[in-house]
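Good morning, and thank you for coming. Please look at the structure on the screen while I go through it.

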Amino acid sequence: KIVCIEKKCSFAKKIRVKMAKKELRQETSLNVEVIKLLNEQVAKEAHASATYLAMASWCDVNGFNKSASFFYAQAEEEREHMLKNFHFLNENGAKALSPEVTKITHEYKSLHEVFEKTLEHEISVTTSVYAIISKARQLNDFASENFLQWFVTEQLEEERQIRDILTLFDFATTKDNPLALKLIDERIPFKG
Ligand code: FEO
């Protein structure tokens, strides 16, 4: 009978350990407020991807082939950024949400406007990355803060690239001169 009680105890202990392990597996070290912001960031990157696809289309139909290639590649990159956030959430016990993408602008007044809007877009993404880092730091969510450092470097590079392109427009005396625009398009960098 004593053996039997011991057996019962060890069985109950095993169950308790198993349950504790399960709880540990389900827990996430990410902060709930940061998770919410990261899901919003997933939506922002998806919106950026769709916006750049629309810009690629505008450049394509207006004869700016290099700019179109640039934005097709940029759209792919933004989708990768979205998935990077997405996987980070799911791999760390949170749940990533597939975003709805609405309000995409398809019409632009000029090639110059396309790149001006791109810079605005990138600055808003950078601002949002900084805001999440600031929140993560405040809430001691070091995992998210560390993860987001990659985006800090990436955003610096993206903004610099667009600023360099906008500088090309400064050399054109009139920003709607067709020949000047064609020359600018020829100088749009290839995004490999
Ligand atoms: Fe992923 Fe260019 O923002």
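How many salt bridges does the count come to, if a salt bridge is a side-chain nitrogen of Lys or Arg within 4 Å of a carboxyl oxygen of Asp or Glu? The count comes to eight.

This is a predicted model, in which local features need pLDDT of at least 70 and side-chain atom pairs count only at pLDDT 80 or more, while totals for chains, interfaces and linings use all residues. Residues are numbered from 1 along each chain as its sequence is written, and side-chain values use heavy atoms, with hydrogens and water left out.

One of the bridges joins Lys135 to Glu33, with 3.4 Å between the closest N and O atoms. Lys135 belongs to helix 4 and Glu33 to helix 2, so this pair ties together parts 102 residues apart in sequence. Helices here are DSSP runs (H or I, at least four residues), numbered from the N terminus. Glu77 and Lys191 also meet in a salt bridge, at 3.6 Å from N to O. Glu77 lies in helix 3 and Lys191 in the segment after helix 6, so parts 114 residues apart in sequence are tied together.

How values were computed:
Helix = DSSP H or I, 4+ residues; strand = E, 2+ residues; numbered from the N terminus.
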